[in-house]
Amino acid sequence: MTQPLALVLYEELMPGSQLVNRLQDLRYRVQPLSDPDQLSACAQKEGPMLVFVDLGAEKSDVSAAIAKLKKHPQTAHIPVIAFADEAAEELQSAARKAGASLVVSDAAVLAHLPQLIEQALQAD
């Protein structure tokens, strides 16, 4: 059986690269992305099981990328786990409105990754 694919959109090296490594340890194939504008097209082409997005991108509107992904019929079903600094309440709220399945802190995404994956897969 092939390994499930996870897309990871991040700009900051930490926790993005740590998340990629943890997912690989959990036997996921991981495709990192740095441009939110590529998220929807990449998801349509690759068919991931999960998408992780770092809301802390300074150069673009990540919540808009989540909304675009969730509006497309081919990708609307894909669970999105969004993460940001605990103090970034506006970013977290925007991600929820855009359709993120789960929104958690940077620390929580790494500390509770298996549980978050299970919860996101059950929720969608």
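A cavity here is a set of grid points where a 1.4 Å probe fits but cannot get out. Keep in mind that this is a predicted model.

**Exercise 1. What volume does the largest cavity have, and which residues line it?**

Start with the count: there is one cavity of 30 Å³ or more. The volume of the largest cavity is about 30 Å³. Next, look at who sits around the largest cavity: Leu-9, Tyr-10, Glu-11, Ser-34, Pro-36, Asp-54, Ala-57 and Val-62. Finally, sort that lining by class, and you get five nonpolar, one polar and two charged residues.

**Exercise 2. In what order do the strands of the sheet come, and which strands stand at the edges?**

The open sheet has five of them, in the order S2-S1-S3-S4-S5, with parallel pairing. Now check the two ends of that order: S2 (29-33) and S5 (102-105) each have a single partner strand, so one side of each has no neighbour in the sheet.

Then zoom in on one pair. S1 (residues 5-9) runs parallel to S2, and five bridges join them. Within this pair, Val-8 sits opposite Pro-32 of S2.

**Exercise 3. How do the axes of H3 and H4 cross, and which residues make the contact?**

Begin with the geometry: the axes of H3 (residues 62-71) and H4 (residues 89-98) come within 8 Å and cross at roughly 10°. Angles under 35 degrees count as roughly parallel, and H3 and H4 are therefore roughly parallel to each other. On the H3 side, the contact uses Ser-63, Ile-66, Ala-67 and Lys-70, while H4 brings Leu-91, Ala-94, Ala-95 and Ala-98. Sorted by class, the contact residues are six nonpolar, one polar and one charged.

How values were computed. Residues are numbered from 1 along each chain as its sequence is written. This is a predicted model: local features need pLDDT of at least 70, side-chain atom pairs count only at pLDDT 80 or more; totals for chains, interfaces and linings use all residues. Side-chain values use heavy atoms; hydrogens and water are left out. Axes are lines fitted to C-alpha atoms, for helices over the stretch in contact, and angles run from 0 to 180 degrees between N-to-C directions. Helices (H or I, at least four residues) and strands (E, at least two) are DSSP runs, numbered from the N terminus. Angles under 35 degrees count as roughly parallel, over 145 as roughly antiparallel, 65 to 115 as roughly perpendicular and the rest as oblique. Contact means heavy atoms within 4.5 Å. Ala, Val, Leu, Ile, Met, Phe, Trp, Tyr, Cys and Pro count as nonpolar, Asp, Glu, Lys and Arg as charged, and the others, Gly among them, as polar. On a 1 Å grid over the protein atoms alone, a cavity is a set of points where a 1.4 Å probe fits but cannot get out, and a pocket is an open set with protein on both sides within 12 Å along at least five of seven lines; lining residues have an atom within 4 Å of a point. Grid points are joined across faces, edges and corners, and a volume is the space filled by probe spheres set on the points. Two strands pair if DSSP finds at least two bridges between them.
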